[in-house]
Amino acid sequence: MSTSAHPSADAIRSESAVTDRLVRANERYAADFTDPGMDARPVLHVAVVACMDARLDLHAALGLELGDCHTIRNAGGVVTDDVIRSLTISQRALGTRSVMLVHHTNCGLESLTEDFRHELEDEVGQRPAWAVEAFRDVDQDVRQSMQRVRTSPFLLHTDDVRGFVFDVTTGLLREISPA
């Protein structure tokens, strides 16, 4: 597997066109935008940690509205040090009390290994400081993430931590029991 991506001039123009499209969409959005007058504190006092996968429309899947939750996303929805950082701020400064973890079926991290880091090191001459956090068993990875939240000394509220797997073909959540 190659980690290299040397885009052609056409590909770069195409990528820039996508960003331009998004900026134009924002201009249309802003034209009708009204300040909702909300506080940064989530109304439901919940933080949702989920995978960045483009197939997950979390707000729609969970029936959430603007202002309901803090949403923290990364590759795999894995609880990393940076997720703990965000959850700590969410809880200690902004009043969240519950944590919901959402992984999903057919995740790209199931097809990677830590060799990805070594390939990057071979290509660029420096190994990333971060772990890939690849996994083979999504249920076990959810359990591990729940355990990382529950045992973090930085978090005030670790009693309401629940983990789920979102099925990308049915749209249903399946709850994972803790270890």
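Trainee: Is strand β1 (residues 46-51) largely enclosed or open, and how many of its residues are buried?

Mentor: Largely enclosed by the rest of the structure, because six of its six residues are buried. Buried means under 20% relative accessible area, exposed means over 50%, and partly exposed is in between, with a 1.4 Å probe and protein chains only. Strands here are DSSP E runs of at least two residues, and helices are H or I runs of at least four, numbered from the N terminus.

Trainee: What kind of model is this, and what are the ground rules?

Mentor: It is a predicted model: local features need pLDDT of at least 70, side-chain atom pairs count only at pLDDT 80 or more, and totals for chains, interfaces and linings use all residues. Residues are numbered from 1 along each chain as its sequence is written, and side-chain values use heavy atoms, leaving out hydrogens and water.

Trainee: Which strands pair with β1?

Mentor: β2 (residues 69-74) pairs with β1 in the parallel sense over six bridges. β3 (residues 98-104) also pairs with β1 in the parallel sense, over five bridges. Pairing requires at least two DSSP bridges between the strands. For landmarks, valine 48 has threonine 71 as its bridge partner in β2, and alanine 47 has valine 99 in β3.

Trainee: Switching to packing. Which residues of the largest nonpolar core touch the most other members?

Mentor: Val49, Leu87, Val99, Leu101, Leu109 and Val149, out of 24 residues. A nonpolar core is a set of buried Ala, Val, Leu, Ile, Met, Phe, Trp, Tyr and Cys residues joined through side-chain atoms within 4.5 Å. At least two residues each come from β1, α3 (81-94), β3, α5 (138-150) and β4 (161-166). α5 gives the most, with four.

Trainee: What does leucine 87 touch?

Mentor: Ala47, Val49, Ile72, Val99, Val149 and Leu155, leaving aside residues up to four places away in sequence. Contact means heavy atoms within 4.5 Å. There is also a second, separate core of eleven residues, including Val48, Ala50, Leu64 and Phe164.

Trainee: Back to α5. Which of its residues are buried?

Mentor: Val138, Asp139, Asp141, Val142, Ser145, Met146 and Val149. They sit on the same side of α5, because they cover an arc of only 160° around the axis. The arc is that of the directions from the helix axis to the C-beta atoms. They pack against α3, β3, β4 and β5 (173-176).

Trainee: Why would residues three or four places apart point the same way?

Mentor: Because an α-helix has 3.6 residues a turn.

Trainee: New topic. How many disulfides are there?

Mentor: Zero in the whole structure. The cut-off is a pair of cysteine sulfur atoms within 2.5 Å. The sulfur of cysteine 51 is 4.2 Å from its closest cysteine sulfur, in cysteine 107, so it is too far for a bond. For cysteine 69, the nearest is the sulfur of cysteine 51, 16 Å away.

Trainee: Are those two, cysteine 51 and cysteine 69, buried or exposed?

Mentor: Cysteine 51 is buried at 4% relative accessibility. Cysteine 69 is buried too, at 11%.

Trainee: And where does glycine 95 lie?

Mentor: In the loop between α3 and β3. Glycine 95 counts as partly exposed, because its relative accessibility is 22%. It touches Arg41, His45 and Ser90, leaving aside residues up to four places away in sequence.

Trainee: Overall layout, then: what pattern does the protein follow along the sequence?

Mentor: α-β-α-β-α-β-α-α-β-β. That is five helices and five strands.
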